[in-house]
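Please look through the sequence and the structure shown here before reading on. The report that follows takes up a sheet, its helices, the domains and a core in turn.

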Amino acid sequence: MASVPSVRPGATASRHRGAVPALAAVALALTLLAVFLAYADASFNGYRLQIVTLVAINATIAVALTLTSGFTGVFSLGQIGFLAIGAYVGALLNLAPQWKSEMFLPGLPGWLAAFDTTGWHPQVALLFACLVGGIVAATVATLVGMPLMRLSGHYVAVATMGFLIIVHSVANNWSGVTRGARGLSQIPSYTNVWAAYGCALVAIYAAWRLRVSPYGRAMIASRENLIAARAVGVNVHRSRMIAFVVGAFLTGAAGPLLAHQIGSVAPSAYYFTTTFNVVIMVVLGGMGSISGAVLGAAIMTLAPEYLRGVEDGMDLGPLSFGALFGLSQIILAIAFILVMIFRPQGFFGDRELGLGLLRRRGPRQDGDEAEVTPTLAPGLDVGPGDGASR
Amino acid sequence: MSASEFGQQFVNALGLGSIYALVAIGLAMVFGILRLINFAHGEVLMLGAFAAYYFAAAGLPFLVVVLLAVLTTVAIGLLMERVAYRGIRGAPDVALLLTSLAVSIALQNGALLAFDAQPKPFPTPAAIQEQLTVGGIQISVTNLVTVGVALLLMALLTLFVTRTRLGTAMRATAENAMAAQLMGINLSTVIVAAFAIGSALAAVAGILWGARVGRIEPLMGFIPVLKAFVATVIGGFGSIPGAVVGAYLLGFGEIYLVALLPGELSGYRDAFVFAALIVILLFRPQGILGSSEPEKI
Amino acid sequence: MSKSPNESSLVGAVSAQVREAPGGRLTRRVILRRGAAIGVSAPLLAAAISRAPRAAARQETPNALSGEPVVIGAPYNLTGALASLDNPARDGSQLAVDELNAGGGILGRPVELRIYDGKSDVTTVTNIVRQLVEEDQVSALVGLTDTSYVLAAAQVAQDNGVPYLDVGGTAPIITSVGDYVFMIPFGDNVQASVAAEFAQEQGWSTCALLLNEGMDYTKFLAQYFADRFDDDDIGGEIVSTLNYGMGDTDFSGQLTEFKNLAPQPDVLFISAGPDEIGTIVAQARAAGLTMPILGGDGYDTPLLTELGGPAANGVFFTTHQGIYGDDPAGQQFTAAFQEKTGQAPNSVFAALGYDGVRLMADAINRAGALDGDKVRDALAATQGYAGATGQISYEEGSRIPSKSVAIVEVRDLKPTLLKVVVPKTVAPA
């Protein structure tokens, strides 16, 4: 995030009023998190630890998507493509060379086939993979984003979905490097809760810094009113590009974490199911809310684990084939529809759990919340007419 | 590619494009009025096919089966609109899209529980399983029936939207919903009509799809709806003629890509289709038949 | 009726969110309290996660069996893309458990099969296997039918020292995960070699190859077949290779291409999953392809004849012996399945799932204890176990059974056993 030359938020006298309690609250929250993680790390079994870890990895991805889509209003369905890129990069870097040759990957360049991190400290290898995964994803995002970020609305959703399908198709067919649908396995389990939560915190911090920076305000402005934002000189394309590329970097960095947690990478794990899951996390929490994304990630990671008990709870007939597998998906889907009907803005809408902190530090936030509220009813009475009116 | 091969693939592509078109019309119609990309449309198709399967199992004649399946599917489509979509009318685009995904997931898993996961053989009447040989070209009757039925339904639909009051009201609403309402058009009636027509077409598409591939299963709806979605984008969001053109273009693109690509690249078919889609979006984002230029920055 | 979405609608959309956002500024006190609540709730959360579902332990327990049930974990993809393979396998496993409970149980104790749904998603599969192993503390694992998922599950089993029997994944690479991982089916290289040698016997020297590029199984099978078919002692030639994707249902493009090959190949080798082979066969015959069709054990499902109809006649495939012919173990399984469910086994995966549980129970009984390492050693020492899918023996150091392969031809819509063979040369795994 060092690349964002942001003015320190609220670099005025007013910042000092709330800064100390705010910092104290953050410090307290971090301490409690650290205590919990230490407790979990020491006493949880692998299953519970994996769930706790997955919450952080999903939170990272959800926050990255909030940054890409929530802040800018550019709805991306291609996020998981970047996750896949990161995961494959991480796997190919950190797989033992002898295993790489055993799996027969003739398409691999010689240096990568021989690349050996087995002697490294696992956490160093993991960090390295995350960085490289993030950089590769960000590079791809720059190339893809250049044209795509000029599109808007549904068009960008469709185009990014096309990107996801292309990534999937390449992963599925480029057998010499990815082993196609068979995927790569035997990826060493380097991921632990500290790495996962560290990455999530970096993502949250990066998203928050971006949100309160001039670029972040440009993103929000262009989302709220494109014409007005342009009129006051916002470079909409550039602010979207930043959101897209930074989001891709964070997602790409989460890829190796996931690969090193699950132990294998296969194209089927990085496709529509995962995409919808992450999008639902973000929408559930509230598009544009970082804390909402974290909450959404936690719910969508934990809920299926709870619901598993519901599915096999019923024995019908002599063979007890009557267990209702698939019930958990139905319950989650119906719950989501109810949320959309009764609380379409998600849990937090645009707000943050600690919004007061932001308010005090950056008075302009108030403007975002209160002033840019045109009273147009959305959707129905707006879109259809413009074809004729233009 | 030899001439006979070309001809054979041509008929093939026409059949595939016709099914995509029937699905795409329903998507485009609902999108035009509600701005909703209804992913659950694929599950409507699936339920239409299963309805036909069970009615056929009851021993009814095939035309009755089709009629009953269409009626059942229309009822399901209307129920879906009432239960899931009416409550979120006018919600943000993303919320609409995701709600339809949730509906789709719920229906898929419900069908999985109700019908189990094993694919079922579709009871295609023997009369349309024949093969004809015309001038060295093999043509399956299923393909001909598919194309014929699709063209007939599209002609009827054209008559409906241009010659009836309700059809005109639908077009007006798609053009400008608020103005249409001010002119006294009942929005709910229009929406219900759109779902009813879309569901009926999806049921027919489901039956034709079942006849084409020979089997049905709870997850069968996703691929056709994804392709139909692409077709509506190629044709221009919300444009019904555009969706039809897009559907046939896609049908031809897919069939000829497989035929022309060397074997080792044919797996990349979807990548090529979607790369082409992105290119279309970049250079002609309003689609082939779209008239207005959407906002581009 | 054309129209286009634009930014103004987005403005509307977002403004709705802003407008409807819950009101009320948060005071600092509230924030602190909420922050504290998160911290406090963390251990609660942890406690909640640990709530292990204990539901399915309601099997009837004959008097002879006593003590805590022996719990066998059964991860299966019961929903999603793999549902049609894993559901029959699950049914077979459940049948085996019911039989065990009606008989001697395991170590004189009742048996419980704990089934979780992996949803055809690799992450979920690792979650449920971890839950089974670490939360529910199962004694052994039996399950899954596709290599991608088996690999993920096997890693968790290996790491925790829990013996795992792979039910349907046939890629030989599976057992390289470690010494706790054993396979019930033969490796794809074995059945592919049998198929290639059979093709030579029949005098089929040119072959067109169609494969599903979306499954481990179909890719491996096609690759092993092509390698062996090309070998000098067979001297066959693959004249065309085409593929299709997972979930495809329309194969007319590929099949028309085959139809236009001149001269026509002697045989089609179609490396397909159980879901689509019936459809492919029907479409191939409809497209005018009349040559014999050859394939692997993915064909071994009633869907082949149900969906293929008369077109399925003249299809040859290699599969697990047992259900066919007069193998007593296979016949016994078929009868038991029929009695229990009222229908014949609908897939060879039912028999594989059945063998998985039976062999695991046998190994535990031989080990005389539930300790993972003892059961592993007992599994490794398995010799001549009469399974419903054929005799299972693990050679020294190998955890892939050296099974013989059945060759089956569909005649009058009935799969008919031609012969049971061992390949002359096996393509290296």
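How many bridges join strand β6 of chain C to strand β8 of chain C, and do these strands run parallel or antiparallel? Five bridges join β6 (residues 206–212) to β8 (residues 267–271) of chain C, and the two strands run parallel.

## Basis of the model

This is a predicted model, in which local features need pLDDT of at least 70 and side-chain atom pairs count only at pLDDT 80 or more, while totals for chains, interfaces and linings use all residues. Residues are numbered from 1 along each chain as its sequence is written, and chains are lettered from A and ligands numbered from 1 in the order in which they are written.

## The sheet of chain C

Strands β6 and β8 belong to an open sheet of seven strands in chain C, ordered β7-β6-β8-β9-β10-β13-β14, with mixed pairing. Its edge strands, each pairing on one side only, are β7 (237–244) and β14 (414–421) of chain C, and from one strand to the next the twist averages 25 degrees. Strands pair here if DSSP finds at least two bridges between them; helices (H or I, at least four residues) and strands (E, at least two) are DSSP runs, numbered from the N terminus. Within the pair described above, C:Leu211 stands opposite C:Ser271 in β8(C).

## Helices across the sheet

Helix α6 (residues 188–201) of chain C lies across β6, β8, β9, β10, β13 and β14 of chain C, and runs at about 55 degrees to β13(C). Helix α7 (residues 216–230) of chain C lies across β6, β7 and β8 of chain C, at about 165 degrees to β6(C). Such angles run from 0 to 180 degrees between N-to-C directions, with axes fitted to C-alpha atoms, for helices over the stretch in contact.

An automatic or database assignment sets the domain bounds, giving chain C domain 1 (70–186 + 326–403) and domain 2 (189–320 + 407–421). In chain C, 17 residues of domain 1 are in contact with 17 residues of domain 2, contact meaning C-beta atoms, placed from the backbone, within 7 Å.

The largest nonpolar core has 366 residues, of which B:Ala24 and C:Ala153 touch the most other members. A core of this kind is a set of buried Ala, Val, Leu, Ile, Met, Phe, Trp, Tyr and Cys residues joined through C-beta atoms within 7 Å, buried meaning that 20 or more other C-beta atoms lie within 10 Å of a residue's own.

Conventions. Contact = placed C-beta atoms within 7 Å. Buried ≥ 20, exposed ≤ 12 C-beta atoms within 10 Å, placed from the backbone.
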